[in-house]
Amino acid sequence: MRLVQDSPSSLSLLDIYKQRCSKLEEYDAPILRYYDRLQMVQARGSQASHQVLRDILKEVQTNMVPRGMLKEWAVRTYPNATDYFAFRKMFTGQLALLGLAEFVLHLTRLNPDILQVEQDTGQLSIFYFRFDIDDTSGELDANRPVPFRLTPNIAEFLTSVGINGLLSASMISSARCLVQPNFQLVALLRAILRDEMIAWDKKKQDDTLPAGSQPFNMKGELLNTTVMRAVNAIMTRLQNLAQFEGGESKISTLVAAANSPDNLCRMDPSWHPWL
């Protein structure tokens with residue numbers, strides 16, 4: 001059971017995009033264009049190279065989903081400068097916490113349909129986040145082109161000042177708060193991940209065992225090893241982000257990776273890397 005605060009003013013990032021598309025074209029047109037371009041390349045007997053994916057992303061941004069779409073919605077929704085600034089400030093801080101959680105905890109990707117924006121306050125909420133566990137090995141999946149969601153539209157709305165200022169500072173300060181003292185977080189992660197690993201093992205047995213077979217409990221030693229491996233992966237990322245020496249931080253590297261067209265073009269089109 002999950003309890004989520006419901007607000008009449010909340011709408012998803014995908015809903016914002018749909019409002020804009022309702023006047024111009026279907027909201028799934030970029031996805032259809034993406035696969036049409038791939039089909040054209042494969043029809044010529046070629047493979048979809050990295051340059052092809054970059055060209056598709058650039059074409060969608062140029063002709064279908066401009067970089068300023070989210071910013072235009074915010075300007076139209078908040079014509080008063082004070083309201084606009086307050087909304088953007090809250091949005092930036094909330095996105096920093098979500099990005100930190102997604103990267104550090106190895107959570108599933110943040111799709112635009114589950115990112116809820118409260119128009120009254122600028123607060124963000126997620127309908128469905130879970131640990132991204134590999135179905136075969138049971139390890140947390142760390143292989144993803146982008147560390148968190150910072151797409152061109154969001155980056156344009158936040159501006160470079162907001163990204164290099166409030167967003168980065170919020171992520172660093174939040175990481176530092178969690179690692180000091182770190183023993184409390186480790187204990188919480190072990191308890192949470194224990195249930196996750198047990199659920200993963202039962203799902204794996206359901207997929208592999210013959211129909212009607214009774215699944216067996218995961219051995220205690222194997223369970224502890226699997227849980228601690230996941231906890232160590234999380235704590236390693238968190239401690240790396242918490243380091244801040246001489247004005248240098250790993251956050252700047254992650255921000256650059258999250259906003260890089262070379263990485264965004266490798267994401268699944270249903271994630272809407274242009275949004």
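How much space lies in the largest pocket? About 250 Å³. The model is predicted. It holds one cavity of 30 Å³ or more. The second largest pocket has about 190 Å³ of space.

**Largest pocket**
- The space in the largest pocket comes to about 250 Å³.
- The lining has 15 residues, and those closest to the pocket centre are A101, L105, L107, F131 and L189.
- Helix α7 gives the most, with four residues.
- By class, the lining of the largest pocket has 13 nonpolar residues and two charged ones, with no polar residues.

**Second largest pocket**
- About 190 Å³ of space lies here.
- Its lining consists of R130, F131, D132, I133, D135, E196, A199, W200 and K203.
- Five of these lining residues are charged and four are nonpolar, with no polar residues.
- F131 is one of the residues that line the second largest pocket, and F131 is also among the residues closest to the centre of the largest pocket.

**Largest cavity**
- The largest cavity contains about 40 Å³ of space.
- Y34, L53 and L57 are among its lining residues.
- The lining also includes L264, C265, M267, P269, P273 and W274.
- All nine residues in this lining are nonpolar, with no polar and no charged residues.

Technical notes: Residues numbered from 1 in each chain as written. Predicted model: local features only at pLDDT ≥ 70, side-chain atom pairs only at ≥ 80, totals over all residues. Heavy atoms only, no water. 1 Å grid on protein atoms, 1.4 Å probe; cavity = no way out; pocket = protein on both sides within 12 Å on 5 of 7 lines; lining within 4 Å. Points joined across faces, edges and corners; volume = space filled by probe spheres on them. Nonpolar A, V, L, I, M, F, W, Y, C, P; charged D, E, K, R; others polar. Helix = DSSP H or I, 4+ residues; strand = E, 2+ residues; numbered from the N terminus.
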